[in-house]
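Take each task in turn, try it yourself, and then walk through the solution.

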Amino acid sequence: MTLKLNDKYLKGFVSEADYNDIAPKLAEAHALLSSRSGQGSDFLGWTELPDNYDRVEVERIIKAAERIKKMCDVFITIGIGGSYLGARAAVEFCTSARYNALPKDTPDIYFSGNDISASSLAELLKICEGKDICINVISKSGTTTEPAIAFRIFRKLLEEKYGKEESARRIFVTTDRAKGKLKELSDKNGYETFVVPDDVGGRFSVLTPVGLLPIAVAGIDILDMLKGASDAKAAYSSEKMSENDAYKYACIRNILLSKGKSVEILATYESSLAMTAEWWKQLYGESEGKDNKGIYPSSVTFTTDLHSLGQFIQQGSRIMFETVIDLVNASDKTLIPDDPLNLDGLNFISGKDIHYVNRTAFTATAMAHTDGGVPNIVLELEKRGAYEFGYLVYFFELACAISGYILGVNPFNQPGVEEYKKNMFALLGKPGEDNEKRRAELAKKL
Ligand code: PA5
């Protein structure tokens, strides 16, 4: 068992009749996806990717990662949204949220270009002082503002530190196969490039070079990760909800939404999974939040957040359900020591594995929250590793596509993301008639 959906905390929230009612919609969604006739079907490359990935390119990624590991102390990955979250999620999932601080024989990895914070860039420049650096800039369009600003800064740093020729060996670019400014610049300067496939959207791209190069630099077995995704593809191939947990998850989400549960909280009990939840939020938020529809995706790390958001979840507005990733086996074993003084009164758990206590906290919380009116979908995950990450990614991507089709939206576009960009460019004084018009409109509201 790599991943298993447990529905025992849905009793009283989702009935057999609900499953029967949604079955025709699931059949329709399955038909749209499998016949590639639904909205956004130009972006279904991720469905076949685990089996059909470009073997030659993946070999090139593994070789580039080996060179990068030897060449640098600090590896800076520049990208935002789908060109950032998956890689970071994978690195933390497979290693630790404290990857950089732990002893290792791979470079520190920093993620930049995912905000426009002056401090965050300045801090990273300080971290780079006296260190050997390599960069991977990742942008499908090649024109996204946040990574473009960061790339200007770090390219300048490298060129000043190493000169043009040596910095060209240290800059790796992941972008469109043939077009875009980044591709042009790479060809001109001789940067090694990797391809973001045309038919894979940003938030579905973690198992393309977008994610795979940084993941490989962290020393993670990317072939095992792709194998996990491929096995998940086979495991979730049935069109029957009873045989396909990804489809069942998609159905449950829509059933709960129809009952007024418009917020989904992805809960984990491991800090190493917090970035996976961030990746998941983008996947579901951008895929479903449109046409005035969708479930608002949020996340918590328990037990930490039981001491901040636990009160709201237990007794606040009854608008949410939880999807809990229950990690069955921890990567580490630590026993709670006995204390002869027993001042904290915890000797009744001395000698117990901390992971056992953590999982007991999960059971206790699931019972409390369901009693409080918050349905819990449980995803039992066998362990943390490259294979499991690939498996989980495919599960969530497939469920997301089906869930979006059941909801009646195009799960593969993100038209709303453009609005802030248009305003920002207009306010920053970008030339052009449209920008000027918008600037005048915005000025009236300022
Ligand atoms: O999912 C998406 O499409 C977005 O999050 C993009 O990945 C993000 O905006 C970055 O775009 P780009 O890779 O073109 O720089």
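**Exercise 1.** In which pocket does the ligand sit?

*Solution.* A word on the source before we start: the structure is a predicted model. The ligand sits in the largest pocket. That pocket holds about 750 Å³ of space. Its lining is made up of 32 residues, and Gly82, Gly202, Glu286, Gln414 and Lys421 are the closest to its centre.

**Exercise 2.** Find the elements that give two or more residues to the lining of the largest pocket, then name the one with the largest share.

*Solution.* Start with the list: helix 6 (145-170), helix 11 (274-288) and helix 15 (418-428) each give two or more residues to this lining. Next, pick out the largest share, which comes from helix 11 with five residues. Finally, sort the lining by class: 11 residues are nonpolar, 13 are polar and eight are charged.

**Exercise 3.** Describe the shell of residues around the ligand.

*Solution.* First, count: the shell has 13 residues, and the ones that come nearest are Ser83, Ser139, Ser141, Thr144 and Gln282. Then classify: nine of the shell residues are polar, three are charged and one is nonpolar.

**Exercise 4.** Which distances separate oxygen atoms of the ligand from polar side-chain atoms of Ser141, Thr144 and Glu286?

*Solution.* The cut-off to apply is 3.5 Å between N or O atoms. Go through the residues one at a time:

- Thr144: an N or O atom of the side chain is 2.5 Å from a ligand oxygen.
- Ser141: the distance from a polar side-chain atom to a ligand oxygen is 2.7 Å.
- Glu286: here a polar side-chain atom and a ligand oxygen lie 3.0 Å apart.

Each pair can now be checked against the cut-off of 3.5 Å. To finish, look at the surface of the ligand: taken alone, the ligand exposes 380 Å², and the protein buries 87% of that area.

**Exercise 5.** Now turn to the second largest pocket: how much space does it hold, and which residues are closest to its centre?

*Solution.* Begin with the volume, which is about 560 Å³ for the second largest pocket. Of its 22 lining residues, Tyr269, Glu270, Ser271, Asp332 and Asn358 are the closest to the centre. Helix 13 (residues 354-371) gives the most to this lining, namely four residues.

How values were computed
Residues numbered from 1 in each chain as written. Predicted model: local features only at pLDDT ≥ 70, side-chain atom pairs only at ≥ 80, totals over all residues. Heavy atoms only, no water. Near = heavy atom within 4 Å. Polar contact = N/O pair within 3.5 Å; in protein donor to acceptor, adjacent residues only side chain to side chain. Areas by Shrake-Rupley, 256 points an atom, 1.4 Å probe, with all protein chains shown as cover. 1 Å grid on protein atoms, 1.4 Å probe; cavity = no way out; pocket = protein on both sides within 12 Å on 5 of 7 lines; lining within 4 Å. Sits in = over half its atoms within 2 Å of the grid points. Nonpolar A, V, L, I, M, F, W, Y, C, P; charged D, E, K, R; others polar. Points joined across faces, edges and corners; volume = space filled by probe spheres on them.
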